[in-house]
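Open the model in your viewer and keep the selection tool at hand.

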Amino acid sequence: MATMATTLTSSLSSKPKTPFLENQSSFHGIPMPSRIQPIRSTSQNNPSISMSSSSTGGYDLTSFKFDPIKESIVSREMTRRYMMDMITYADTDVIVVGAGSAGLSCAYEISKNPNVRVALIEQSVSPGGGAWLGGQLFSAMVVRKPAHKFLDELEIEYDEQEHYVVIKHAALFTSTIMSKLLARPNVKLFNAVAAEDLIVKGGKVGGVVTNWALVSMNHDTQSCMDPNVMESKIVVSSCGHDGPFGATGVKRLKSIGLIDSVPGMKALDMNTAEDAIVRLTREIVPGMIVTGMEVAEIDGAPRMGPTFGAMMISGQKAAHLALKALGQPNVIDGNYSDLGSIQPELILAAAESAEIADA
């Protein structure tokens with residue numbers, strides 16, 4: 001009720017808007033050249049133009065007809081492009097496992113560097129994890145300050161309160177970051193694909209073992225269905241808290257003896273939890289960085305409930321840890337572009353630490 005009341009007096013964020021892919025990161029990332037030409041409407045100065053011919057390219061919705069196509073062409077276009085993506089990303093720079101809010105934020109931040117190729121693996125058909133809704137299936141998304149600066153970068157409007165902001169629907173965040181991320185030429189999302197296992201050589205994680213998610217879910221009902229593999233220099237595990245596909249990265253590390261325990265997250269404490277998640281985001285074993293709620297599983301940090309700022313900033317920190325491991329400019333080493341104008345809070349959030357949460 002208090003939130004509903006304060007919303008009445010809230011003010012919409014009015015940050016100046018900049019063209020897509022020309023904006024600077026809250027970490028002030030490397031700008032990527034845009035190949036997207038701006039679309040300018042011709043109807044603004046001519047209100048008499050009908051809806052069917054103003055913003056629809058001049059076609060008439062009352063007598064619309066598609067160009068002809070052979071069904072086999074559709075099949076070949078989908079198959080050829082997907083197979084080429086599989087060939088391209090069979091050996092890549094970074095694999096991000098899990099396309100929830102932390103994984104998306106991580107891939108978004110890494111991919112600002114056009115020299116780094118990022119494969120994003122998501123077991124669900126629909127990426128986004130739990131970030132399509134707020135708590136208890138409600139619509140609004142609450143983000144505590146100063147993580148709202150990441151929303152400013154993404155050009156997402158919000159209702160601003162003293163210590164937090166509220167996006168009117170969580171789907172605005174998820175759809176916006178996905179649309180900007182997936183438009184980049186150095187990113188490929190493999191959704192409906194499960195990471196069944198890790199590639200580990202000499203104690204270093206070097207990729208993931210993949211399979212179609214529906215196959216992974218039916219190993220007990222069918223005969224042997226062998227997987228595929230993707231190699232990478234760095235794996236970022238963003239598999240969320242424990243569940244059917246949750247915390248799979250750290251649970252596998254424990255089962256093969258690379259880490260001692262996965263104690264699971266503790267009871268809810270928002271203030272302790274969000275700080276701990278960002279602080280404890282790190283390279284947990286050589287070649288593998290853990291981000292998002294999976295961090296709470298391995299460190300026994302509290303759960304945070306329906307606040308999302310830590311997911312975004314943890315993802316950004318994981319991205320810069322990955323860039324550091326690749327020898328690329330990054331905030332951790334202090335050699336990122338435009339370093340002098342980085343927000344102090346985000347420099348602090350990106351500080352490397354192996355400290356265990358005391359909660």
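What percentage of the 359 residues in the protein is buried? Buried residues make up 45%, where buried means under 20% relative accessible area with a 1.4 Å probe, protein chains only.

This is a predicted model, in which local features need pLDDT of at least 70, side-chain atom pairs count only at pLDDT 80 or more, and totals for chains, interfaces and linings use all residues. Residues are numbered from 1 along each chain as its sequence is written, and side-chain values use heavy atoms, with hydrogens and water left out.

Colour by secondary structure. The protein has 12 helices and 12 strands, taken as DSSP runs (helices H or I, at least four residues; strands E, at least two) and numbered from the N terminus. Of the contacts (heavy atoms within 4.5 Å) with a separation of 6 or more, 71% join residues 24 or more positions apart.

Next, select α4 (residues 101-110) and α6 (residues 170-182). They pack at an angle of about 30°, with axes 10 Å apart. That makes α4 roughly parallel to α6 (angles under 35 degrees).

Show side chains here. From α4, Ser101, Leu104, Ser105, Ala107 and Tyr108 meet Phe173, Thr174, Ile177, Met178, Lys180 and Leu181 of α6. By class, this contact of α4 with α6 has seven nonpolar, three polar and one charged residues.

Now go to helix α11 (residues 309-325) and pick His320. His320 is buried, with a relative accessible area of 0%. A polar atom of the His320 side chain lies 3.1 Å from the backbone nitrogen of Val331.

Definitions and conventions:
Axes are lines fitted to C-alpha atoms, for helices over the stretch in contact, and angles run from 0 to 180 degrees between N-to-C directions. Angles under 35 degrees count as roughly parallel, over 145 as roughly antiparallel, 65 to 115 as roughly perpendicular and the rest as oblique. Ala, Val, Leu, Ile, Met, Phe, Trp, Tyr, Cys and Pro count as nonpolar, Asp, Glu, Lys and Arg as charged, and the others, Gly among them, as polar. Buried means under 20% relative accessible area, exposed over 50%, partly exposed in between (1.4 Å probe, protein chains only). A polar contact is a pair of N or O atoms within 3.5 Å; within protein, one must be able to donate a hydrogen and the other to accept it, and residues adjacent in sequence count only if both atoms are side-chain atoms.
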